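Please read the following note alongside the sequence and the coordinates. It is written for a reader who is new to structural description.

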Amino acid sequence: MNARVQPTAQVDPTADLGDGTTVWELAQIREKARLGTGCVIGRGAYVGPGVRIGDNVKLQNHALVYEPAELGDGVFVGPAVVLTNDHYPRSVDPEGKLKRGGDWEPVGVTVAEGASLGARSVCVAPVRVGRWALVAAGAVVTRDVPDFALVAGVPARRIGWVGRAGLRLEQDAATGEWVCPRTASRYAERDGSLVEL
């Protein structure tokens, strides 16, 4: 394993860290988690058991990624983001007995390639955040986010579209297509989804 792990980080021996991955102070990587190459795990971040993380993913400080989350290549998870895993959270069962691992069924959040989750946003499982989507800081995602969507608010709702560069797309009045102001890449909106042209 050619990863850099700070002395105060806790990485379970069964976790798999890809080449060039860095785990900063006080981060915790649980058993059988798998991180790709070139990842950066910030101070105090948490990666749950069996979580799957692609290449070149950044988890900023104090991000909490609970199992069975899956993050695609190039995902950005901002500071203090939470990916939940219990659709019906309770500390105890209906009889008041403390719930243990086998007393509930974890559900996961899937974050597709290139998507970004802004600081202090929360994804309430089970949801999927689409490719290259952008979740605004402080948003609470309670339903699936389409590819390239810009969502904000509580609960999060689509307020626009973004391209691979992360900038809000502008609509071409002549063609109705969406255009990135930085790269000039073009997109078409079809049935509430955006596709690259």
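The numbered points below treat strands first, then aromatic pairs, then salt bridges.

1. The model under discussion is predicted. Its residues are numbered from 1 along each chain as the sequence is written.

2. Strands of a sheet pair through backbone hydrogen bonds, in either a parallel or an antiparallel sense. Here, six strands make up an open sheet with parallel pairing, and their order is S3-S6-S9-S12-S15-S18. Strand S3 (16–17) and strand S18 (127–129) are at the edges with a single partner strand each, so one side of each has no neighbour in the sheet.

3. One pairing within this order may be followed residue by residue. Strand S6 (residues 34–35) and strand S9 (residues 52–53) run parallel and are joined by two bridges. Leucine 35 has isoleucine 53 in S9 as its bridge partner.

4. How does S21 pair with strand S19 and with strand S22? With strand S19 (residues 134–135), S21 runs parallel, and two bridges join them; leucine 134 has leucine 150 as its bridge partner in S21. With strand S22 (residues 157–161), the sense is antiparallel and there are four bridges. The partner of valine 151 in S22 is arginine 158. S21 and S22 form a hairpin with four residues between them, and glycine 153 in the turn has a positive phi of about 100°.

5. A pair of aromatic rings is described by the distance of the centres and the angle of the planes. The whole structure contains two aromatic pairs. In one of them, the ring centres of tyrosine 46 and tyrosine 66 are 5.2 Å apart and the planes are at 45°, so this pair is tilted. Tyrosine 46 belongs to strand S8 (residues 46–47), whereas tyrosine 66 is in the loop between strand S11 (64–65) and strand S12 (70–71); the pair therefore ties together parts that are 20 residues apart in sequence. Tyrosine 46 counts as buried at 13% relative accessibility, while tyrosine 66 is partly exposed at 27%.

6. Side chains of opposite charge can pair when their charged atoms come close. The structure holds nine salt bridges. One of them joins glutamate 113 to arginine 131, with the closest N and O atoms 3.6 Å apart. This pair links distant parts of the chain, 18 residues apart: glutamate 113 is in the loop between strand S15 (109–111) and strand S16 (116–117), and arginine 131 is in the loop between S18 and S19. Glutamate 113 is partly exposed at 34% relative accessibility, as is arginine 131 at 23%.

7. Glutamate 189 lies in strand S25 (residues 186–190), 31 residues apart from arginine 158.

8. Aspartate 172 is in the loop between strand S23 (170–171) and strand S24 (178–179), so the pair ties together parts 14 residues apart in sequence. Finally, salt bridges with shared partners join Glu113, Arg128, Arg131, Asp147, Arg164 and Glu196 into one network.

How values were computed
This is a predicted model: local features need pLDDT of at least 70, side-chain atom pairs count only at pLDDT 80 or more; totals for chains, interfaces and linings use all residues. Side-chain values use heavy atoms; hydrogens and water are left out. Two strands pair if DSSP finds at least two bridges between them. Rings of Phe, Tyr and Trp (its six-membered ring) pair if their centres lie within 6.5 Å; planes under 30 degrees apart count as stacked, over 60 as edge-to-face and the rest as tilted. Buried means under 20% relative accessible area, exposed over 50%, partly exposed in between (1.4 Å probe, protein chains only). A salt bridge is a side-chain nitrogen of Lys or Arg within 4 Å of a carboxyl oxygen of Asp or Glu.
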